[in-house]
Amino acid sequence: MPKDQQIFDKICELLKPYNVKNKPILRTSGIMSDLEVDSTAVFDLIMELEDHYDISVPMEVISDVKTVGELVLAIQELLQQ
């Protein structure tokens, strides 16, 4: 089971290409609001995470997640199922 920090690091790594303004990525960073990642890129990010962790992220989880920290928690919960 990957640790919280490992998941956060992986998300940061996957967010890099979409973070065009190179803003610092914090757990409190809004994925779309602060990092200005558009919805298409968010789906790409989710698909990459699904492939990497061999999980399936339900649509309602995607729509509920606003910050990087919330995404970390959502991935952790899915991995524990």
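In which helix is the place of Gln76? Selecting Gln76 shows that its place is in helix H4; helices here are DSSP runs of H or I with at least four residues, numbered from the N terminus.

The model is predicted: local features need pLDDT of at least 70 and side-chain atom pairs pLDDT 80 or more, while totals for chains, interfaces and linings use all residues. Residues are numbered from 1 along each chain as its sequence is written, and side-chain values use heavy atoms, with hydrogens and water left out.

Remain at Gln76, which is buried because its relative accessible area is 18%, the cut-off being under 20% with a 1.4 Å probe and protein chains only. Display Asp4 and Ile7 next: Gln76 touches both, not counting residues up to four places away in sequence (contact means heavy atoms within 4.5 Å).

Now select residues 39–53, helix H2, whose 15 residues reach 21 Å from first C-alpha to last, close to the 21 Å expected at 1.5 Å a residue (the expected span is 1.5 Å times one less than the number of residues). Its buried residues are Ala41, Val42, Leu45, Ile46, Leu49, Glu50 and Tyr53. Their cover includes helices H1 (4–15), H3 (59–64) and H4 (68–80).

Move to the ends of H2. Asp38 caps the N-terminal end, with a side-chain oxygen 3.1 Å from the backbone nitrogen of Thr40. Just after H2, Asp54 takes a positive phi of about 55°.

Finally, select residues 1–79, which an unreviewed UniProt entry annotates as "domain: Carrier"; such annotations may be inferred rather than shown by experiment. The end C-alpha atoms of this span lie 7 Å apart, and the span is 57% helix and 0% strand (strands are DSSP runs of E, at least two residues).

Conventions: Buried < 20%, exposed > 50% of the residue type's maximum accessible area, 1.4 Å probe, protein only. Polar contact = N/O pair within 3.5 Å; in protein donor to acceptor, adjacent residues only side chain to side chain.
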